[in-house]
Amino acid sequence: MSSSPVLSARGSRLALLVVGLCWLAVLFDGLDMFIYGSVLPHLLETKTFGLTPDTAGDLGSYATFGMLVGALTAGTVADRTGRKNLMVGCVVLFSLASGVCAMAGSVEVFGLGRTLAGVGLGGLLPTAISMVCDYAPRGRGALVIGLLMTAHHAGGILSAYVAKWLVDPVGWRAAFWVCVLPLLFAPVLARLLPESLSFLLAKGRTDEARELATRYDVELPAATSGKQGAADRWNALKDLFRGGEWTQTLLYWLASFGGLLLVYGVATWLPTLMRAEGYALGSALSFVVVFNLGGIVGMLAAGRAADRFGAPRISAIWFALTAAGVFLLSVHLPMAVTMVVVFLTGVFLNSAQTMIYATVSLRSAAGNRATAVGWTSGMGRFGAVFGPWLGGQLLASDHGDWGFTAFALAGLSSMVFIGIAALRSAKGASHCAARRCR
């Protein structure tokens, strides 16, 4: 089994630099993603733009549709032009788009801003995952990806506090102005983030790769094969379907669909659904904080478990536990019990989806890793578009109590698909081992 050409690049300074900068970028990604759900109860109560639950669901879907576009194009663009430039561009885009939302005078302009923000958000995440996977220590890829994803939930926690501190005294627009501030981080990212060594070598930029390796005292990776380096975006995509890979690819895509339906459905509607269950607005926003704290714990726990037992197996178990937790949220329990359920749901829900990305990233060749992760994320974005819309439709038709049940069923479907993928992968590995023995 061949290893990634960047696995020899072991410089701790370089790894810390890449992971640290990517972590901050994903923190801002999470802030921008969760801010809409955090201010949504206020927008509905004040009838801002004449907002109703179904139009609010549509607005939530606009952002996730933009994320679909960003995720589908991110992998292929990153493999051709470099991951660093794409990450900087994504931060600039979603920061400026939040400014459009802050200045919006109509629901149409606000929707445009959320769509553009979604393009940047969708492009950043798979690119950052691919970047940190390049520099992850051997055997710790899933753990490093899990560590990176804690930033997303730290951003979710930050969004709840931004809404608590600013929405009532200043107004909802102030929350979106805060989301413009990451624009100041873009020059820092452009200056300090190194490009992927494997990308530089694949593009024939050997001098740049050698200078980077010398600066951080790391071993220069072996050059990728000509086929991987010269593969265009369509060849990289076709590689996902060659031989028997098409079945695994589709299973990953279906699991990602259900997982992101669940993630973004809950992220958009958790405060509103909890208010519908009779909790005050302050308590509903506290649930967002607790939910994302669980997400941080879950990312770290899932990463370690996946490195030991395998990412697809952990993902399947986590989805099953997520479905149980989400279903329990539809039951009005004592506050303390509800907080525990919300925390545990956050632990399992968010990391279950991330372990799908970890599985795809770790099992992909370096030459098309970003394409594989990007398309898995992109196909899942159809679920992310559907989730916020579904929650809005259920609330608009006075079936909000079915919202958590619908999201729980999505979790069960992802458990089935990633479970089948894990079984097929194990069967294929055993067949390969048998052939080697013969």
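This is a predicted model: local features need pLDDT of at least 70, side-chain atom pairs count only at pLDDT 80 or more; totals for chains, interfaces and linings use all residues.
Glu208 is partly exposed, with a relative accessible area of 39%, and it pairs with Arg205 in a salt bridge.

**Salt bridges**

- The structure holds three salt bridges.
- In the pair of Arg205 and Glu208, the closest N and O atoms are 2.9 Å apart. Arg205 is partly exposed, at 32% relative accessibility.
- Arg210 forms a salt bridge with Asp207, and here the closest N and O atoms are 3.3 Å apart. Both residues lie in helix 9 (residues 206–215), three residues apart, or about one turn of the helix.
- Arg210 counts as partly exposed at 41% relative accessibility, whereas Asp207 is exposed at 60%.
- Arg114 forms a salt bridge with Asp32, with 3.1 Å between the closest N and O atoms. This pair links distant parts of the chain, with Arg114 in helix 4 and Asp32 in helix 1, 82 residues apart. Both Arg114 and Asp32 are buried.

**Aromatic rings**

- The count of aromatic pairs comes to eleven.
- One of them joins Tyr36 and Phe110 in a tilted arrangement, 6.2 Å centre to centre and with 45 degrees between the planes.
- Tyr36 lies in helix 1 (residues 12–45) and Phe110 in helix 4, so the pair ties together parts that are 74 residues apart in sequence.
- Tyr36 and Phe110 are both buried.
- Tyr36 and Phe110 also belong to one aromatic cluster, together with Phe49, Trp172 and Phe176.

- Thr127 lies in helix 4 (residues 107–135) and is buried, with a relative accessible area of 2%.
- Leaving out residues up to four places away in sequence, Thr127 touches Ala74, Ala78, Arg83, Leu86 and Met87.
- Gly99 sits in helix 3 (residues 83–103) and counts as buried at 6% relative accessibility.
- With the neighbours up to four places away in sequence left out, Gly99 touches Trp177 and Val180.
- Gly99 and Ala117 are 18 residues apart in sequence, and their C-alpha atoms are 9.7 Å apart in space.

**Helix 14**

- Helix 14 (residues 311–328) has 18 residues, which at 1.5 Å a residue should span 26 Å; its end C-alpha atoms are 26 Å apart, in agreement.

**Surface and overall picture**

- Phe257, Phe382, Phe386 and Trp389 form a nonpolar patch on the surface, and together they have about 350 Å² of accessible area.
- Helix 16 (residues 369–396) gives the most to this patch, with three residues. Phe386 lies in helix 16 and is partly exposed, with a relative accessible area of 34%.
- The accessible surface of the protein comes to about 17,000 Å², and 66% of that belongs to carbon and sulfur atoms.
- Of the 438 residues in the protein, 58% are buried.
- Among contacts with a separation of 6 or more, 84% are between residues 24 or more positions apart.

Technical notes. Residues are numbered from 1 along each chain as its sequence is written. Side-chain values use heavy atoms; hydrogens and water are left out. Helices (H or I, at least four residues) and strands (E, at least two) are DSSP runs, numbered from the N terminus. The expected span of a helix is 1.5 Å times one less than its number of residues. Patches are made of residues with over 30% relative accessible area and no salt bridge: like charges are joined within 9 Å, nonpolar side chains (Val, Leu, Ile, Met, Phe, Trp, Tyr) within 5 Å. Accessible areas come from the Shrake-Rupley method with a 1.4 Å probe; for residues, only the protein chains shown count as cover. A salt bridge is a side-chain nitrogen of Lys or Arg within 4 Å of a carboxyl oxygen of Asp or Glu. Buried means under 20% relative accessible area, exposed over 50%, partly exposed in between (1.4 Å probe, protein chains only). Contact means heavy atoms within 4.5 Å. Rings of Phe, Tyr and Trp (its six-membered ring) pair if their centres lie within 6.5 Å; planes under 30 degrees apart count as stacked, over 60 as edge-to-face and the rest as tilted.
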